[in-house]
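Dear colleague,

Please find the structure below, handed over for your records. My findings follow it.

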There are 2 protein chains.
Amino acid sequence: MSDLPKRVRILEEGPREGMQIEKGPIPTQRKIDLIDSLSETGLEQIQVTSFVSPQAVPQMADAPEIVAGFKRKPGVRYTGLWLNDKGLERAIATQKLDIRGSLSLTASEKFLLRNQKRTLAQNIEAVHSMIGMFKHYNVEVNRASIMAAFGCNFEGDISTERVLELIKTFHDIGEQHGIKIETLSLADTMAWATPGSIRRVVGAVRNKYPDLNLSLHLHDTRGMGIANAYAGMQMGVQIFDAAVAGLGGCPFASHSGASGNVCTEDLVFMCHEMGIETGIDLEKLIESALLAEQVVGHPLPGSIKMGGSLNKLRQKVKESMQAKA
Amino acid sequence: MSDLPKRVRILEEGPREGMQIEKGPIPTQRKIDLIDSLSETGLEQIQVTSFVSPQAVPQMADAPEIVAGFKRKPGVRYTGLWLNDKGLERAIATQKLDIRGSLSLTASEKFLLRNQKRTLAQNIEAVHSMIGMFKHYNVEVNRASIMAAFGCNFEGDISTERVLELIKTFHDIGEQHGIKIETLSLADTMAWATPGSIRRVVGAVRNKYPDLNLSLHLHDTRGMGIANAYAGMQMGVQIFDAAVAGLGGCPFASHSGASGNVCTEDLVFMCHEMGIETGIDLEKLIESALLAEQVVGHPLPGSIKMGGSLNKLRQKVKESMQAKA
């Protein structure tokens, strides 16, 4: 398996991705409990909440209280999400988060028009003003992401050329502002990717931009999440977003209840079983996943928390052999 | 993607795998409805039921009625499962099934002892008597399967060497009886496989037995089913067992409710999106998957029936563009 990376970085987004889609009110303390539990697993980064308009996303109205309440574990990066300067200001005001700038373009103009009422040209303008905002607040920016990079429910398939054009756009904008994009995230926002398109797009990007660190943000709405992550690893991708227990969901799926982000513990399981390090304690992560189900109050899609890890079984086998010897 | 096969054969096992694990009584007619629905999807083979002891598996007591009731569609093979000559006799007596012989060895002696109260030596003896039985009933035998080929909850990891030894055993036994094993199924009975072990084991088997048709029977208990199938295809495997909607389950999982077989429509979706033919109509198969959920009366794990296919979305996008033109 020499084509696979020796180590991958898995960035946890469950507390943010997961809570924003839940219908029922979840006590702030329970959200904090989940973050504190995740802090003990060895995860290097946890996205704890989202500073979006409380009117638009009532589940996120308690973002400041969440941040005030969780316990910072040394060595863990705690991040937040924001979509405008108001959100960034609220995130900075907590004085407790690791504020990192990131730029975003969307590969599908139809999706942009629908979701943000913006054209692609306006999306590019917004990137310029985002950079201004980050500079104003003295926030470093060296990462960017492309949403809907593999396909869009409203525009259909996205060509590899489109993705390459957007990366060039990022580089051109960066040059104008004296910024270097070092890490690029390709987001499969509406779960159009399969291992074939992951290989095609990642391969083309790596060919043209070999120095760029690539990251994948995969949704599991069509059950391809783990296979897509594997295909990404085969192409050398070493950074993945994921959500504990498969928290989240997809507002664009045909049926509500479809899976959200690729599940953190399933991804960690696959890595460890293939000899790829993550720095994460799988057994502790399974405990967090079971807690996540309690917090949201309904079953979540992750498999390992149901199927169980193999190391526990290996341990049992070993013990039963020692007992016989 | 030149390393992937142009076409794969997906063999449906849902009506058998699925029903044997369901607790509630399911009316025979509903089981028949599901088979008849699957017959319309383009599947080449459907395993309709299991001729096991009605005392041991009460859900399968109506096997003869199921077989009597479903409508044979020309071009589809309808198979059954049996574990001894009594079961085979019952299957033959229906005069409606495609009776094909298959031999089975288990890679884990601990699992054998636990599940069939047999040693590996007794397992081998049983293969000899199975061949005698097939010859007696004039049933052709050219396929064999290895259970627990990737690991066992009671024995731990299974070495590649063990799998290769068992294939040699099959060949030796076959020679003694003038039988040629043409197709070999590797079964991940307790869901220990990951893409890494799939590549390792399949690679070793293909190296040593390049003329053998390989088939994979994958369980999705730990969420690796689709990724494992993809890894298998990359290694040239062209035959897969699967269960519509992910029907089934795993009696060996840590928690009841864990997923069973890899889901047929998710596998078909991945194949078609990567340009691999299956001969199956995905939209019709999704209808069968939704019917399967109604039949068992609870949600089933398959993703595409929730997330929706992409061709429907592509069609919508096309229509909306034509409407504007």
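In which loop of chain A is Ala191(A) found? Before the answer, a word on conventions. Residues are numbered from 1 along each chain as its sequence is written, and chains are lettered from A and ligands numbered from 1 in the order in which they are written. This is a predicted model, in which local features need pLDDT of at least 70 and side-chain atom pairs count only at pLDDT 80 or more, while totals for chains, interfaces and linings use all residues.

Backbone features

Ala191(A) is found in the loop between β8 (183-188) and α8 (195-208) of chain A; helices (H or I, at least four residues) and strands (E, at least two) are DSSP runs, numbered from the N terminus. Although Ala191(A) is not a glycine, it has a positive phi of about 60°. Most residues other than glycine have a negative phi. Ala191(A) is buried, with 30 other C-beta atoms within 10 Å. Here a residue is buried if 20 or more other C-beta atoms lie within 10 Å of its own, exposed if 12 or fewer, and partly exposed in between, with C-beta atoms placed from the backbone.

In chain B, Ala148(B) lies in the loop between β5 (141-147) and α7 (160-177). Its phi is near 55°, a positive value in a residue other than glycine, and Ala148(B) counts as buried, with 28 C-beta neighbours inside 10 Å.

Helix α9 in both chains

Helix α9 (residues 225-234) of chain B has 10 of its 10 residues buried, so it is largely enclosed by the rest of the structure. Just after α9(B), Gly236(B) takes a positive phi of about 90°.

Helix α9 (residues 225-234) of chain A packs with α9(B) at an angle of about 45°, the axes being 7 Å apart. Axes are lines fitted to C-alpha atoms, for helices over the stretch in contact, and angles run from 0 to 180 degrees between N-to-C directions. The angle makes α9(A) oblique to α9(B); angles under 35 degrees count as roughly parallel, over 145 as roughly antiparallel, 65 to 115 as roughly perpendicular and the rest as oblique. Ile226(A), Ala227(A) and Tyr230(A) meet Ile226(B), Ala227(B) and Tyr230(B), contact being C-beta atoms, placed from the backbone, within 7 Å.

In chain A, the axes of helix α10 (residues 264-273) and helix α11 (residues 282-296) come within 9 Å and cross at roughly 165°. That makes α10(A) roughly antiparallel to α11(A). By class, their contact has six nonpolar, two polar and one charged residues.

In chain B, Leu291(B) is placed in helix α11 (residues 282-296). Leu291(B) is partly exposed, with 19 other C-beta atoms within 10 Å, and touches Asp33(B), Leu34(B) and Ser37(B), not counting residues up to four places away in sequence.

A strand pair in chain A

Strand β1 (residues 9-12) of chain A is joined to strand β10 (residues 239-242) of chain A by four bridges, and the two run parallel; strands pair if DSSP finds at least two bridges between them. Arg9(A) stands opposite Ile239(A) in β10(A).

Terms used:
Contact = placed C-beta atoms within 7 Å. Nonpolar A, V, L, I, M, F, W, Y, C, P; charged D, E, K, R; others polar.
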